[in-house]
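Me: I have a model open and would like to go through a few of its local features with you. Can we take it piece by piece?

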Amino acid sequence: MRLIATILIAAVWIGTTTTATADEPITLMGTILKWQYPQSNLSGSEMSDVPTVNADGNRTAASMVCKTHMTTEDSVEKVIAFYEHKLTPNPKADDKTKAEWTDGRAVLISDESAGRPFALHTILVTTKNTSTTLTVSRGSNETETHIHWKHYVRF
């Protein structure tokens, strides 16, 4: 049933466009692929409406959220290094990529592992109309690194 709901939600959103260009529809898998850790396994992928509301509870903007869970046998350090490299501005980027970041972005990476029996890192990426959170974790006795990804878009 959850799979059917995800497919229906994705189908509804296929016709919705991004704020970057009117030609690009937002799709669940298209959005995930931009953030997916290489050769990771995906599970629990969803796309849904998220009401953006003011202090009175009135909706102020159309918005949505995509999320998924990825796993990989790679170490937490390797995963963090991948995203640090991916999120570092590239002066040689193509015009389309540069256009996505014209208003700038903030990238915050934190390590909350100290004194704990597991690794826990959070990556926050914020732009004018998006907010992305990657939570990277691995228990000391686990064989896989877990990456929880959530991507909020305000239209």
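Me: What does the side chain of Thr72 reach, and at what distance?
Reply: In this predicted model, the side chain of Thr72 reaches the backbone nitrogen of Asp74, at 3.2 Å.

Me: Which strand does Thr72 lie in, and is Thr72 buried or exposed?
Reply: Thr72 lies in strand β4, which covers residues 63-72, and Thr72 counts as buried because its relative accessibility is 6%, where the cut-off for buried is under 20%.

Me: And what is Thr72 in contact with, leaving aside neighbours within four places in sequence?
Reply: With those neighbours set aside, Thr72 is in contact with Tyr37, Ser40, Val79, Glu144, Thr145 and Ile147.

Me: Tyr37 has a ring, so let's switch to aromatics. How many aromatic pairs does a search of the whole structure find?
Reply: Three aromatic pairs are found in the whole structure. In one of them, the ring centres of Tyr37 and Phe82 are 5.1 Å apart and the planes are at 85°, so this pair is edge-to-face. The pair links distant parts of the chain, since Tyr37 is in the loop between α2 and β1 (41-49) while Phe82 is in helix α3, 45 residues apart.

Me: Now the largest nonpolar core: which residues touch the most other members?
Reply: That core has 22 residues, and those touching the most other members are Met70, Tyr83, Ile123, Leu134, Ile147 and Trp149. At least two residues each are supplied by α2 (28-35), β4, α3 (76-87), β6 (118-126), β7 (130-139) and β8 (145-154), and the largest share, five residues, comes from α3.

Me: What does Trp149 touch, not counting residues up to four places away in sequence?
Reply: On that count, Trp149 touches Thr31, Ile32, Trp35, Cys66, Lys67, Thr68, Met70, Thr132, Thr133 and Leu134.

Me: Some of those are in α2, so which residues in α2 are buried?
Reply: The buried residues in α2 are Leu28, Thr31, Ile32 and Trp35. They lie on the same side of α2, because they cover an arc of only 100° around the axis. As for the background, residues three or four places apart in an α-helix point the same way because there are 3.6 residues a turn.

Me: What happens at the start of α2?
Reply: There, a side-chain oxygen of Thr27 reaches to within 3.0 Å of the backbone nitrogen of Gly30.

Me: Last topic, the strands: how do β5 and β6 pair?
Reply: Strand β5 (residues 106-111) pairs with β6 in the antiparallel sense over six bridges, and Ser110 has Thr122 in β6 as its bridge partner. The hairpin of β5 and β6 has six residues between the strands, and in this hairpin Gly115 takes a positive phi near 75°.

Me: And how many bridges join β6 to β7?
Reply: Nine bridges join these antiparallel strands, with Leu134 in β7 as the bridge partner of Ile123. β6 and β7 form a hairpin that has three residues between them.

Notes:
Residues numbered from 1 in each chain as written. Predicted model: local features only at pLDDT ≥ 70, side-chain atom pairs only at ≥ 80, totals over all residues. Heavy atoms only, no water. Helix = DSSP H or I, 4+ residues; strand = E, 2+ residues; numbered from the N terminus. Buried < 20%, exposed > 50% of the residue type's maximum accessible area, 1.4 Å probe, protein only. Polar contact = N/O pair within 3.5 Å; in protein donor to acceptor, adjacent residues only side chain to side chain. Contact = heavy atoms within 4.5 Å. Core = buried A, V, L, I, M, F, W, Y, C linked by side-chain atoms within 4.5 Å. Arc of directions from axis to C-beta. Phe/Tyr/Trp six-rings, centres within 6.5 Å; stacked < 30°, edge-to-face > 60°. Pairing = 2+ DSSP bridges.
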